[in-house]
Amino acid sequence: MTDKLKGLFDALQNRLKAGLGAAKSTIDHPVAKGDASEANWLDVLQKHLPYRYQADKAFVIDSHGSMSEQIDVVIYDRQYTPVMYNHDEQRVIPAESVYAVLEVKQQLDKGNIEYAGQKAASVRKLARTSAPIVHAGGEHEARAPSGIIAGILAFESSWNPPFGDAFSEVMAGQQTVTRIDIGCAVQSGGFEVVYGDNGKADVNFSAPEHALVFFFIRLLHRLQRLGTVTAIDYGAYSRWLK
């Protein structure tokens with residue numbers, strides 16, 4: 001039985017690795033190469049995440065009208081929250097629906113980690129409302145929104161070793177709003193970062209052959225711990241209609 005599970009994980013790892021490798025080696029235009037990489041990652045996430053989650057390229061907007069930068073992969077709720085705009089592959093989703101934001105790059109390096117952190121900050125800084133939830137026995141009070149997971153997805157790491165002291169120093173140097181929690185470099189390994197109160201970054205990582213599976217399982221674990229997004233306060237959004 002263990003061999004069966006390992007075989008499934010290996011097949012998934014090899015499929016993504018092949019798709020990303022083909023985009024890297026055959027497409028010279030950087031924008032087109034980036035688009036192909038994003039499509040590969042989105043395809044994997046859309047096909048394998050539980051149905052309660054949706055994964056798309058999107059902008060995120062809040063009830064004040066502030067909007068994030070465009071995010072390569074947003075994992076968000078479609079069961080309880082709407083999409084504000086969805087036409088010709090352009091999506092705008094409310095801040096309350098966001099579970100995680102992921103940036104797609106060819107290389108895992110200091111510059112791209114900092115860039116992904118800034119993109120994540122453009123979402124984390126948005127206002128998120130919270131409304132009471134009505135149930136059969138009455139009403140649950142509105143609760144504070146949970147944190148938003150931030151990650152980076154790449155083909156390979158520029159560091160040697162990929163997740164050594166230099167990598168940990170970059171992670172520890174991030175501000176709270178720009179912190180990267182999780183990621184994957186398909187050729188190098190998956191990683192997860194646990195930040196201590198003193199700002200220290202403890203990095204857990206996998207062998208290269210388990211990169212995708214490690215990332216996916218740790219992502220599912222973090223999503224599970226977030227629970228369900230807060231109920232959106234539609235009154236805060238509808239005030240713009242007066």
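Which element gives the largest share of the lining of the largest pocket? That's S12, with three residues. Keep in mind that this is a predicted model, where local features need pLDDT of at least 70, side-chain atom pairs count only at pLDDT 80 or more, and totals for chains, interfaces and linings use all residues. Residues are numbered from 1 along each chain as its sequence is written, and side-chain values use heavy atoms, with hydrogens and water left out.

A pocket here is an open set of points on a 1 Å grid over the protein atoms alone, where a 1.4 Å probe fits, with protein on both sides within 12 Å along at least five of seven lines; lining residues have an atom within 4 Å of a point. The largest one holds about 220 Å³ of space, and its lining includes Arg124, Val193, Val194, Tyr195 and Arg222. Besides S12, helix H5 (211–226) also gives two or more residues.

Now for the rings. Phe163 and Phe167 make an edge-to-face pair, 5.1 Å centre to centre with 85° between the planes (pairing needs centres within 6.5 Å; planes under 30 degrees apart are stacked, over 60 edge-to-face, the rest tilted). Phe167 also pairs edge-to-face with Phe191, at 5.0 Å and 75°. Since Phe167 sits in helix H4 (165–172) and Phe191 in strand S12 (189–195), that contact ties together parts 24 residues apart in sequence. Helices (H or I, at least four residues) and strands (E, at least two) are DSSP runs, numbered from the N terminus. Trp159, Phe163, Phe167, Phe191 and Phe205 form one aromatic cluster.

Conventions: Rings of Phe, Tyr and Trp (its six-membered ring) pair if their centres lie within 6.5 Å; planes under 30 degrees apart count as stacked, over 60 as edge-to-face and the rest as tilted. Grid points are joined across faces, edges and corners, and a volume is the space filled by probe spheres set on the points.
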